[in-house]
Amino acid sequence: MSESNANPASGQQAGFQGVTRKMLERLPLPGDTRELAVVEVTYPPGGVAPLHRHPVGGIIYIVEGIAESAYGGDAPRQYRAGETLQDQADLPHTHFRNCDPDRPLRFLTIYVLEPGR
């Protein structure tokens with residue numbers, strides 16, 4: 001989640017150019033000091049993320065559209081609506097894009113975070 005900046009006025013977070021992020025849930029995990037966070041992310045048509053790293057791992061569920069993703073030296077792979085992929089921690093996220101030039105890509109990212117992170 002390091003790629004986002006909060007926009008308190010809208011309740012949404014802005015990420016890379018044209019990307020929006022909306023925190024849907026942030027709940028304490030019973031018996032644990034960490035929290036479960038569910039974030040809705042929307043990429044604009046043809047949107048591409050720059051090289052980045054994630055400070056924590058997570059799971060991505062594609063709600064609509066087709067994403068293409070790769071970490072490190074892996075070849076890019078496509079993920080379609082209804083499929084999941086893993087957001088890997090501390091590895092270079094070398095490739096992530098919305099494959100559709102006409103429609104947005106929408107997905108949910110689920111993280112387990114330290115409080116306040």
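The exercises below work through the strands of a predicted model and the surroundings of one proline.

Because this is a predicted model, local features need pLDDT of at least 70 and side-chain atom pairs count only at pLDDT 80 or more, while totals for chains, interfaces and linings use all residues. Residues are numbered from 1 along each chain as its sequence is written, and side-chain values use heavy atoms, with hydrogens and water left out.

**Exercise 1.** Determine how many helices and strands the protein chain has, and describe the sheet that contains β6.

*Solution.* Start with the elements, where helices (H or I, at least four residues) and strands (E, at least two) are DSSP runs numbered from the N terminus; the chain has zero helices and ten strands. Next, take the open sheet, in which three strands follow the order β7-β6-β9 with antiparallel pairing, two strands being paired if DSSP finds at least two bridges between them. Its edge strands are β7 (77-80) and β9, each of which pairs on one side only. Finally, β6 (residues 66-70) and β9 are joined over four bridges, and Glu 68 has Arg 97 in β9 as its bridge partner.

**Exercise 2.** Locate Pro 104, and state which residues beyond its sequence neighbours it contacts.

*Solution.* Pro 104 sits in the loop between β9 (95-98) and β10 (105-113). With neighbours within four places in sequence set aside, Pro 104 is in contact (heavy atoms within 4.5 Å) with Thr 42, Tyr 43, Pro 44, Pro 45, Glu 64 and Asn 98.
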